[in-house]
Amino acid sequence: MSIKYMDEYRDSEISRKLVEKIGNLSRNAIRLMEVCGTHTVAIFRSGIRSVLPETITLLSGPGCPVCVTDQKEIDAFIELARTKDVIITTFGDLMRVPGTFSSLQQERADGRDIRVVYSTFDALEVAKKNPEKKVVFLGIGFETTAPTIAAAILAAVQREIENFLVISAHKLVPPALEALVATANVAIDGFILPGHVSVIIGLKAYQPFFEKHRIPSVVTGFEPTDILQAILILVEQVEKKYPRLENAYQRAVTFDGNAKAWNMMQEVFETVDAGWRGLGVIPQSGLKIRERFRAHDAARVFDIQVHGTQDPRGCACGEILTGLKTPPECPLYKTRCSPTDPVGPCMVSSEGTCAAYYRYHAD
Amino acid sequence: MMKIDKIVLDHGSGGKISHRLTADLMLPIFDNAILAQLNDGAIFDLAGMRLAFSTDSYTVDPIFFPGGNIGDLAINGTVNDIAMCGATPLYLSVGLIIEEGLPMSDLESILIEMGKAAKTAGVTVVTGDTKVVPRGAADRIFINTSGIGLIPEDVQIAGNQARPGDKIIISGSIADHGIVVLTQREGLTFDSAVVSDTAPLNHMVGRMLAGGKKVHVLRDPTRGGVGTALNEIALQSGVGLKIFEEKIPVKGPVAGMCELLGYDPLYLANEGKLLAFVSPEDAEAVLAAMRADKYGKEAVVIGEVVSDHAGQVFMQTRIGGTRIVDMLTGEQLPRIC
Ligand code: SF4
């Protein structure tokens, strides 16, 4: 486990120097988007926004797994939880997300068997211990979580745990970047690309996107110095009008990515068009469980019907996820919507932009 | 907005949602001035003496964890709540709710630790109660402890006493208990020797108050962590707080585990740490008193009380930025990616 170097990369001296360099270099007003929710939180927690020059605006992108999950999918999860003899296993972040009529938290209080797990393998154990029930794992997240879920399905096959199922609502990052740029509503001068996702997919996964649009793009890690380093590189590229795709997270990310994880993902999943909150349906941006593993695919095993799905009234999560709005521009922010009474998922998830603003941003 | 019409786990998290439950439901029903102070324990006069009275229930899972078990935790918790009122804890009650089937040896180990903890703290357990409930009606064992203590005459400590200029001191590294329990519960391996910090703090408080040093607020940041405790004090005292990230002691492995799981150490529980708000002229003396105690060796000043931003907590980050530190909303959850 990589614990020892945390402090090293937090080094305040290095950070302060980076901030100074950014300040000296930045002339033109630019808008940079951090695509990943973990980056959003790291940026707020370390107070990066408060030390950057006024020329630089940071926008948060569609990188919070819970937030981009389509409202229909949330409603389907809740419907599944109400199914007889089903145990739902999920990452905790989903519990509080309001669906159209209920939330998993509410359902649990109503007596449904919903368990928060820390990894898909915990979910597999739940399945093993409850052979008379069907144990469904709610598969959300990006290329980071998808391989672990693929691994769990493969393990279920191998260990003959037939009552372990997954409902796959996974999303892929590169198609989302494409969709973001295509909407053309948002002018983005540079992308801070996700670290964990890139560990799996490698720098090469962004190459087609980069070649097509030539927008400065840097993969980086989650320490304040990593993020500042990426911002410095982006400012440099923009100022010199020399866009490149760069890797500022070499201690973890390679050009080719993690082949083993990638292959496992390919074995279990195939890409499909998928609906995203805020971005609509994006071609080939989701993962579906392959026919071979149909017995473990909750979407095929259960006939889940959801009706009357509606996005939370007045919630601007969709626009926030695409950088069109910032949370204070949503009329509900801090009035009707707070982490205690979230209206939309962006206020629920710890990685959500609204929650990050609420928790860390001084107005 | 969906109305929550049932109790959910967040109601017990010690964060905002718990506070709302207290404020909206309990306060109006039990309506009285002592409860309304919302200190760690109640402070009141009785027969010419000033007393502190406190109660707490323990439901920790796992019941045995590195550094302690539910037994010493229950004793230390109430001892500390009383000590945070500036009182000398004296007598405790213990109520046990035991699930049918608990191994006798487990109960014995828990009680032995309780006995030891009481002895160390110098308190006497004078009354108790035991109930056994059918399997499934409780999770192995729940413990309630209540206690009373005597407040020395010249001591004036309460959550509403923080004043601009006060120094904010923490007695040692934060989040140890929280991270140990979380990782144990989830069966995550923790490749280091971090253990729960459960400890009685009353002797250290005695040293801190000796000689009339001007301590204004004491609080043990248990559930909800340092972040929540500071917010409570900022609100109760109507002042702003400024803390410095660099100054806040977090053990390396604890910081690493938090990073990995997406937890903020500021919101993880401590069971043997205290926050003290001290008049600036006495800050050095109080620090010295704390460092002379076994449980305060790493005591440091982490910030100060300011006159603006009433009710808010600000943090200067390592990189020189500023951000607010909000109260915990509900239970902290691990992140997904
Ligand atoms: S503040 Fe609340 S309602 Fe507004 S966009 Fe964010 S989550 Fe939605």
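A surface patch, as I use the term, is made of residues with over 30% relative accessible area and no salt bridge, and nonpolar side chains are joined within 5 Å. Please bear in mind that this is a predicted model.

I begin with chain B. Met49(B), Phe53(B), Leu90(B), Tyr91(B), Val126(B), Ile148(B) and Leu150(B) together make a nonpolar surface patch of about 580 Å². Which strands supply it? At least two residues of the patch come from each of β2 (49-58), β5 (88-99) and β7 (141-150) of chain B. Tyr91(B), for instance, sits in strand β5 of chain B. Because its relative accessibility is 41%, Tyr91(B) is classed as partly exposed.

I turn now to chain A and its helix α8, residues 120-129. The buried residues there are Thr120(A), Ala123(A), Leu124(A), Val126(A) and Ala127(A). They cover an arc of only 155° around the axis, so they lie on the same side of α8(A). In an α-helix there are 3.6 residues a turn, so residues three or four places apart point the same way. Against what do the buried residues of α8(A) pack? Their partners in chain A are β3 (86-90), β4 (114-116), β5 (134-139), α9 (146-158) and β6 (164-168).

My last stop is Ser198(A), in helix α11 (residues 195-201) of chain A. Ser198(A) has a relative accessible area of 0% and is therefore buried. Its side chain reaches the backbone oxygen of Pro194(A) at 2.4 Å, and also makes a polar contact with the side chain of Tyr206(A), at 2.8 Å. Setting aside neighbours within four places in sequence, Ser198(A) is in contact with Tyr206(A), Val219(A), Val253(A) and Gly257(A).

Technical notes: Residues are numbered from 1 along each chain as its sequence is written. Chains are lettered from A and ligands numbered from 1 in the order in which they are written. This is a predicted model: local features need pLDDT of at least 70, side-chain atom pairs count only at pLDDT 80 or more; totals for chains, interfaces and linings use all residues. Side-chain values use heavy atoms; hydrogens and water are left out. Patches are made of residues with over 30% relative accessible area and no salt bridge: like charges are joined within 9 Å, nonpolar side chains (Val, Leu, Ile, Met, Phe, Trp, Tyr) within 5 Å. Accessible areas come from the Shrake-Rupley method with a 1.4 Å probe; for residues, only the protein chains shown count as cover. A salt bridge is a side-chain nitrogen of Lys or Arg within 4 Å of a carboxyl oxygen of Asp or Glu. Helices (H or I, at least four residues) and strands (E, at least two) are DSSP runs, numbered from the N terminus. Buried means under 20% relative accessible area, exposed over 50%, partly exposed in between (1.4 Å probe, protein chains only). The arc is that of the directions from the helix axis to the C-beta atoms. Contact means heavy atoms within 4.5 Å. A polar contact is a pair of N or O atoms within 3.5 Å; within protein, one must be able to donate a hydrogen and the other to accept it, and residues adjacent in sequence count only if both atoms are side-chain atoms.
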